[in-house]
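This report describes selected contacts and surface features of the structure shown below. It is written for reading alongside the sequence.

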Amino acid sequence: MKTPLSAWDKVQISRHVQRPRTLDYVRVLCEEYFEFHGDRRFADDAAIVAGVGRIDGQSVVIIGHQKGRDTRENMRRNFGMPKPEGYRKAMRLFHHAQKFALPVICLIDTPGADPSMESESRGQGNAIAENILVMAQLRTPIVSLVIGEGGSGGALAIGVTDRILMLEHSVYSVAAPEASAAILWRDSSKAPDAAKTMRITAQDLKDMAIVDTLIPEPEGGAHNDPDATIRRAGIAIMQSVNQLNALPTSILLDQRYQKYRVIGAIKTMPTNQSSMGEPLSFL
Amino acid sequence: MKELFRRAPKAFTPGEQTRDQDTPDNMWVKCPSCGDLTYYKQLRDNLKVCKCGHHMRLSAVEWQGLFDSESFTEEDGDIAPLDPLNFVSPKDNYAQKLRDSQLHTGLYDAMISGNASIMGQGLQVTITEFEFIGGSMGSVFGEKIARAAERAYERRVPLLTINASGGARMHEGVLALMQLPKVNLTLARLGTIGMPHISLMTDPCYGGVLASYASVADIIIAEPGARIGFAGRRVIEQTIRQKLPANFQSAEFMMEHGMIDMVVPRTDLRSTLGRLLKLYTMRDADASPLPADV
């Protein structure tokens, strides 16, 4: 008899230090892989790895967040929090994929985009927004799998895709639970409450029809059998890629438009008038 | 029995004015920047810009004065929010928060949109209402921009977004986050017919609006002193554990770092927009834009 995992349990599993990361997926799934470095503008950001490889005989572009397993590697990879140059490296690879008609696979695992003075100065908001715009128009299939944490705009910047897959114990949120608790209640120690209230588990996202497919994990989480989890995920990813490869580009783009266009919780009511002041005279 | 004494939450009735917004003309208003007092009428006549240059925040209705008189027609005013997560916490109840904000502003959500003209040139417009939960971007907000962009596409007119927002609406969770791609998909489509999106950033523009439509407009105009950023100042100070320079994330700072095209004082805004729009709408009628590409 298993006790059901709480949202906060899942947050812990999604962050487990032995949970398979992007480069583990590359190692298990790719017959061939070259990592490409740098955004050709400023720097190479180790929080995002991007490159071209081959899976099941199919050449693909693979882009993913990369966390470290120890302090030293986490410092180097900034705990998987990309800076603008990381997103612009991803952007370069999106263009690359389009130029060479390669499908794109994105692996999402970040607490969020890097919040620092240098990232702000180099346009963090713009870097994310530009990527969203480019993925919206990308003329090749693009599939994402949330392998750990899907943190806010930092995740979305490589996550606007034709299919969204999630590992069973991964999470996806408008802001990381600690940040949500800080914003809502000015108390980041209330993160477990935020995790529950904000409906961030893979199952929640499936219920909201945002996520297409859940990938089962071994009991306790993917870290208990990384290779089996990765292979299972790889099969699901390539199934999606093959389905999307069969679609004409115009249909692919229309379906992507519709997929996101319908998201939201709204109702219609009789129109009313604002009571907030009168128009000023700019004339 | 206890239920008898509990005050029933007041229902929101459209058009009902529950709060007198009118400050008497002879009232003094204190500038939050320099502390000087100005007559309210005088302040309004100067578009709520203080003598010191500080631009006070405008409501969505006040912004409607930017357009040719009587030209603004609201559209999609019938879209109202839901509480998709049934968001209830000990300190916070989204349904109640929505009701309170609706009573306070008279709006269903943080956005008014429609069509208008500036110096005779038609356009679609969206205006955020910051008084409604900090102008936060939820499902209604996203839907209204998406529809405005789609109408601009159908009518072949430019889109002007007037923005003041603290970011995504936390209470709608990942549904709020997914408004970012929704909006950008519609803007990408608008771009294919060569109609510009002009983003006006007023104080403040943070998080979700910056990471989606506001920072990738064809033309980005900011008001002087507007605070613009992805992460909030407090978050960054906690991360780096040091004080940030005073002008950090100001419109002027952002222009210096290449993130916006121009800083325009409110008093010059209408003429600037009018002249700009003319450059894009009075092109050779036969000239078609280059094929869309990423």
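## Contacts between chains and domains

B:Glu150 and A:Arg261 are joined by a salt bridge in which the closest N and O atoms lie 2.8 Å apart. The model is a predicted one. Between chain B and chain A, the count of salt bridges is three. The contact draws on 87 residues from chain B and 67 residues from chain A. Together the two chains bury about 7200 Å², and 68% of this area is on carbon and sulfur atoms.

Within chain B, the assignment gives domain 1 (28-56) and domain 2 (58-281). Eight residues from domain 1 of chain B and seven residues from domain 2 of chain B take part in their contact. The centres of these domains, taken over C-alpha atoms, are separated by 24 Å. About 600 Å² is buried between domain 1 and domain 2 of chain B, with 53% of it on carbon and sulfur atoms. Two salt bridges are counted between these domains.

| B:Glu150 | A:Arg261 | 2.8 Å |

## A nonpolar surface patch

On the surface, B:Trp28, B:Leu37 and B:Tyr39 form a nonpolar patch; their accessible area together is about 330 Å². B:Trp28 belongs to strand β1 of chain B, which covers residues 28-30. With a relative accessible area of 49%, B:Trp28 is partly exposed.

How values were computed:
Residues are numbered from 1 along each chain as its sequence is written. Chains are lettered from A and ligands numbered from 1 in the order in which they are written. This is a predicted model: local features need pLDDT of at least 70, side-chain atom pairs count only at pLDDT 80 or more; totals for chains, interfaces and linings use all residues. Side-chain values use heavy atoms; hydrogens and water are left out. Patches are made of residues with over 30% relative accessible area and no salt bridge: like charges are joined within 9 Å, nonpolar side chains (Val, Leu, Ile, Met, Phe, Trp, Tyr) within 5 Å. Accessible areas come from the Shrake-Rupley method with a 1.4 Å probe; for residues, only the protein chains shown count as cover. A salt bridge is a side-chain nitrogen of Lys or Arg within 4 Å of a carboxyl oxygen of Asp or Glu. Helices (H or I, at least four residues) and strands (E, at least two) are DSSP runs, numbered from the N terminus. Buried means under 20% relative accessible area, exposed over 50%, partly exposed in between (1.4 Å probe, protein chains only). Domain bounds come from an automatic or database domain assignment. Contact means heavy atoms within 4.5 Å. Buried area is the accessible area (1.4 Å probe) that two parts lose on being put together, summed over both.
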